[in-house]
Amino acid sequence: MEKIDTIFFKNSDIDIKKAGEIISKGGIVAFPTETVYGLGADGLNGEAVEKIFLAKGRPSDNPLILHISNFKDVEKIAEDIDENARKLMKAFWPGPLTLILKAREIVPRKTTGGLSSVGVRMPNCDIALDLIKYAKTPIAAPSANLSGRPSPTEASHVIEDMDGKIDGIIDGGSCQVGIESTIVSTIGNDIVILRPGGISKEEIDLVLGFESQFDKSLLKRRGDLEEDFAPMAPGMKYRHYAPKAEMIIFLGEEEKVSKAIDEKTKTLEKQGKKVAIMDYRNKRLDDISRDFFRDLRNFDSQGIEVILARAIEGKGLGFSIMNRMIKSAGYNIVDLTDEKVKDE
Ligand code: TXA
Ligand code: MG
């Protein structure tokens with residue numbers, strides 16, 4: 001691919017405006033959101049969207065989320081929006097919630113990966129909202145990492161993956177939430193969580209007044225998903241968030257895990273391997289979520305060869321973090337629990 005001179009934009013009104021103009025002319029610019037950095041293009045321009053897929057090395061059947069800056073705009077890109085969808089928008093927008101809605105004709109199939117539905121979200125980040133206003137169009141944006149790598153939560157992560165491949169990047173410091181939005185489908189009879197993220201199932205259920213469902217593929221602990229567990233969000237089937245290091249997750253009672261990690265560390269170090277331990281026992285869930293992808297990238301830049309990670313409790317935001325951890329490790333789990341999970 002031809003090398004582009006990537007422009008570095010600051011968090012200033014003039015710079016955000018320039019970046020918005022690049023997007024409205026069909027270019028691609030990375031920008032911060034409250035979840036992770038996105039790589040944005042005019043979501044209604046198929047040719048511009050194509051550039052995102054090329055820069056990321058992303059499979060073309062993996063759809064992009066459209067980012068909007070005000071409630072009116074959802075009506076321009078989606079139709080048949082039901083009461084539940086409206087309740088969720090009202091409660092969580094702007095914020096880390098993506099709704100899967102029926103797409104209007106105006107949305108190119110390039111953006112939706114050929115689907116008749118479209119993911120829509122209003123980010124809770126002033127830079128992102130201003131950029132969308134200046135671009136005067138919904139911005140299609142996946143996470144701004146190379147396909148398969150950990151999502152970027154700082155401008156330096158985007159530069160690592162995308163310098164020379166994109167038209168610009170806006171540096172807005174570090175992302176507060178640190179993992180991607182929760183994706184919820186309200187098409188059909190059930191409310192289904194396709195990807196757990198910055199908003200927990202518990203918070204969603206409270207707003208709905210009844211229980212949403214997790215997409216079945218999310219409840220599996222193994223990578224070899226059978227046919228009937230094919231995820232509803234196409235992107236969830238690809239290898240994801242992977243550090244360069246090998247990663248192993250230890251699951252089970254605290255003492256047993258400590259012992260197993262100790263032993264494994266000794267064995268690996270004897271083999272001359274550079275080992276790091278990921279242990280979040282004394283950290284709040286929102287701090288773990290904020291730091292998780294950054295920690296993975298830091299281990300890589302320290303030349304770590306094996307990451308031994310202690311699983312965290314899969315409740316609330318913890319379920320979303322465990323989803324990322326399991327995928328980062330490529331489903332490499334040492335299960336020390338006495339009772340095996342029922343569906344395995
Ligand atoms: O927090 C986020 O959502 C970030 C920031 C930049 O907004 N974006 C993000 O985009 O994570 P991406 O492309 O990395 O992940 C989007 C996920 C993929 O798994 C994709 O398959 C799914 O959303 N998706 C998008 N549109 C869909 C649709 N119409 N139906 C089902 N899944 C969809
Ligand atoms: Mg992504």
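User: Where is the place of asparagine 84?
Analyst: Asparagine 84 sits in helix H4, residues 83–92. Helices (H or I, at least four residues) and strands (E, at least two) are DSSP runs, numbered from the N terminus. This is a predicted model, in which local features need pLDDT of at least 70 and side-chain atom pairs count only at pLDDT 80 or more, while totals for chains, interfaces and linings use all residues. Residues are numbered from 1 along each chain as its sequence is written, chains are lettered from A and ligands numbered from 1 in the order in which they are written, and side-chain values use heavy atoms, with hydrogens and water left out.

User: Is asparagine 84 buried or exposed?
Analyst: Asparagine 84 is buried, at a relative accessible area of 19%. Buried means under 20% relative accessible area, exposed over 50%, and partly exposed in between (1.4 Å probe, protein chains only).

User: And what is asparagine 84 in contact with?
Analyst: Ile191, Leu208 and Phe210, leaving aside neighbours within four places in sequence. Contact means heavy atoms within 4.5 Å.

User: OK, H1. Which of its residues are buried?
Analyst: Asp15, Ile16, Ala19, Gly20, Ile22 and Ile23. They cover an arc of only 155° around the axis, so they are on the same side of H1. The arc is that of the directions from the helix axis to the C-beta atoms.

User: What do the buried residues of H1 pack against?
Analyst: Their partners are strands E1 (7–9), E2 (29–31), E3 (38–42), E8 (139–140) and E9 (168–170), together with helix H5 (126–135). Just after H1, glycine 26 has a positive phi of about 100°.

User: Which residues of H6 are buried?
Analyst: In H6, residues 155–162, the buried ones are Ala155, His157, Val158, Asp161 and Met162. Those residues fall within an arc of 155° seen down the axis, so they line one face of the helix. They pack against E2, E3, helix H2 (46–56), E9 and helix H9 (285–301).

User: Switching to the core. How many residues has the largest nonpolar core?
Analyst: It has 55 residues, and those with the most contacts inside it are Leu39, Val74, Trp93, Leu97, Leu99, Leu101 and Ile204. A nonpolar core is a set of buried Ala, Val, Leu, Ile, Met, Phe, Trp, Tyr and Cys residues joined through side-chain atoms within 4.5 Å. A second, separate core of 26 residues includes Tyr241, Ala245, Phe292 and Ile321.

User: What is valine 74 in contact with?
Analyst: Apart from neighbours within four places in sequence, valine 74 contacts Ile68, Ile81, Met89, Trp93, Leu101 and Val120.

User: Which residues does a cis peptide bond join?
Analyst: Tryptophan 93 and proline 94, with omega about -10°. Proline 94 is in the loop between H4 and E6.

User: What is phi of aspartate 80?
Analyst: Near 55°, a positive value in a residue other than glycine. Aspartate 80 lies in the loop between strand E5 (78–79) and H4, and is exposed, with a relative accessible area of 62%. Tyrosine 331 also has a positive phi, of about 65°. Tyrosine 331 is partly exposed at 23%, in the loop between helix H10 (317–328) and strand E16 (333–335). Most residues other than glycine have a negative phi, and most peptide bonds are trans.

User: Now pockets. How much space lies in the largest pocket?
Analyst: About 750 Å³. On a 1 Å grid over the protein atoms alone, a pocket is an open set of points with protein on both sides within 12 Å along at least five of seven lines, a cavity is a set of points where a 1.4 Å probe fits but cannot get out, and lining residues have an atom within 4 Å of a point. Grid points are joined across faces, edges and corners, and a volume is the space filled by probe spheres set on the points.

User: How many residues line the largest pocket?
Analyst: The lining has 46 residues, of which Arg58, Asn62, Pro63, Ile183 and Arg195 lie nearest the centre. E7 gives the most to this lining, with 4 residues.

User: How many cavities of 30 Å³ or more are there?
Analyst: The structure holds 1. The largest cavity has about 40 Å³ of space, and its lining includes Thr182, Ile193, Phe214 and Phe319.
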